[in-house]
Amino acid sequence: MLDVRRLRLLRELARRGTIAAVAEALSFSPSAVSQQLGVLEREAGLPLLERTGRRVRLTPAGQNLVRHAEAVLERLEQADADLAEARGGLAGALRIGAFPTATRAIVPAALVALARRHPGLEPMVCETDPAAVAHALRAGDLDVALVHSYDFVPAEREPGLTTEPLYGEAMYLAEPAGGVPGVPGVPGVPGVPGADADRPAVGDLPQPPAAPDQGAVLRGHARSPWIIATPGTLCHTMTVRACQAAGFSPRVRHQVDEFATVLALVAAGQGVAVVPQLGVAGPADPAVHLTRLVMQRRTGLAFRSGAGTHPAVAAFGAALRAAVPPDLAGSRAEA
């Protein structure tokens, strides 16, 4: 009989590529992971792994077993959901991953509603970059998480996970209102679509129309210094790809993840940046000019496949949807 815990280790090895990475993610020692995978091979009765240097490659039999493991683990999630439903009354921890702008603008209201309806539930929020969510969910470190994707960084299908769309956001080019010092160009002119007078506060309607030629808007800053997120994040990849699609590579001056800090640097004349709607919501800064772009950021709710009917996951999803401001909820492109 195959052991489910060992099947989970094999599934993680297929995703992470090295025994050391599996051990670190699941809080095992590398030797313990190797021993358990060796036992799994003996249970299977044929080789499941091939070692190539420091990495381990699955044999065709190992790859086939991983596909079965995904199905088994999904059914176990469904069984856990059914048992939770039968017990009635939600209680215990719910581990939630969320990125900073959603954590600030949407999650608190959802938690208030959740506490009113399910006082026995203990939501635990951990800021998590969407790029790290898949591993955290599969490893059991999170139960549910908010993830996002961009037009230039579409969401990849993650085996063992399900994502439901929540909302979409407009994207803006933020530039110093007086232009970037030392860089020729035309500063933003208040009163045109996307200018500071039209700066969005979450929940305000309507949104100004997007600039029709996004490439031209970005190319106007081909010589400007750029403020982008740190490498390895989806936000970093988004800015780089958007600029490349416009015909240039951004000249990076600062690498900052927090959008309030990004806007402060823009106001100080340190460069330009692409920021999402939730990142610019609030009182307008006259030192920052915003131009709405055509591209969007889309946010979804991710969880382990089979866990969507778990009462705690479903309750958080319902509270989250109710907390989404109307101007975000109106853009429900698939996440």
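**Figure 1. Gln 214 sits in helix H8 and reaches two backbone nitrogens with its side chain.** Helices here are DSSP runs of H or I with at least four residues, strands are E runs of at least two, and both are numbered from the N terminus. This is a predicted model, where local features need pLDDT of at least 70, side-chain atom pairs count only at pLDDT 80 or more, and totals for chains, interfaces and linings use all residues. Residues are numbered from 1 along each chain as its sequence is written, and side-chain values use heavy atoms, leaving out hydrogens and water. With a relative accessible area of 11%, Gln 214 is buried (buried is under 20% relative accessible area, exposed is over 50%, partly exposed is in between, with a 1.4 Å probe and protein chains only). A polar atom of its side chain lies 2.9 Å from the backbone nitrogen of Val 294. The backbone nitrogen of Met 295 is also reached by the Gln 214 side chain, at 2.9 Å.

**Figure 2. Ser 224 and Ala 222 in the loop between H8 and S7.** The loop that holds Ser 224 runs from helix H8 (214–219) to strand S7 (225–228). Ser 224 has 1% relative accessibility, so it counts as buried. Its side chain makes a polar contact with the side chain of His 221 at 2.8 Å (a polar contact is a pair of N or O atoms within 3.5 Å; within protein, one must be able to donate a hydrogen and the other to accept it, and residues adjacent in sequence count only if both atoms are side-chain atoms). Ala 222, in that loop too, is partly exposed at 33% relative accessibility. Look across from Ala 222 to Cys 243: they are 21 residues apart along the chain, and their C-alpha atoms are separated by 8.1 Å.

Figure 3. Buried residues in H9 include Leu 234, His 236, Met 238, Val 240 and Cys 243. Just after H9 comes Gly 247, with a positive phi of about 105°.

**Figure 4. Arg 95 and Asp 143 form a salt bridge.** The closest N and O atoms of the pair are 2.7 Å apart (a salt bridge is a side-chain nitrogen of Lys or Arg within 4 Å of a carboxyl oxygen of Asp or Glu). Arg 95 lies in strand S3 (residues 92–98) and Asp 143 in the loop between helix H7 (130–138) and strand S5 (144–150), so the bridge ties together parts that are 48 residues apart in sequence. Arg 95 counts as partly exposed at 31% relative accessibility, while Asp 143 is buried at 12%.

Figure 5. Arg 5 pairs with Asp 3, and their closest N and O atoms are 3.3 Å apart. Arg 5 is exposed, with a relative accessible area of 64%, but Asp 3 counts as buried at 18%. In another pair, the side chains of Arg 57 and Glu 50 meet at 3.1 Å, N to O. Arg 57 is partly exposed at 48% relative accessibility, and Glu 50 is partly exposed at 33%. There's a network as well: salt bridges link Arg 11, Glu 12, Arg 15, Glu 70, Arg 138 and Glu 158.

**Figure 6. Helix H1 (residues 4–16) packs against helix H4 (residues 60–87).** Two packed helices are described by the angle between their axes and the distance between the axes. For H1 and H4 that's about 120° and 9 Å (axes are lines fitted to C-alpha atoms, for helices over the stretch in contact, and angles run from 0 to 180 degrees between N-to-C directions). That makes H1 oblique to H4 (angles under 35 degrees are roughly parallel, over 145 roughly antiparallel, 65 to 115 roughly perpendicular, and the rest oblique). The crossing of H1 and H4 is left-handed (the near helix is turned anticlockwise from the far one by less than a right angle; clockwise makes a crossing right-handed).

**Figure 7. Helix H6 (residues 107–117) crosses helix H12 (residues 311–323).** The two axes come within 8 Å and cross at roughly 125°, and H6 and H12 are therefore oblique to each other. Their crossing is right-handed.
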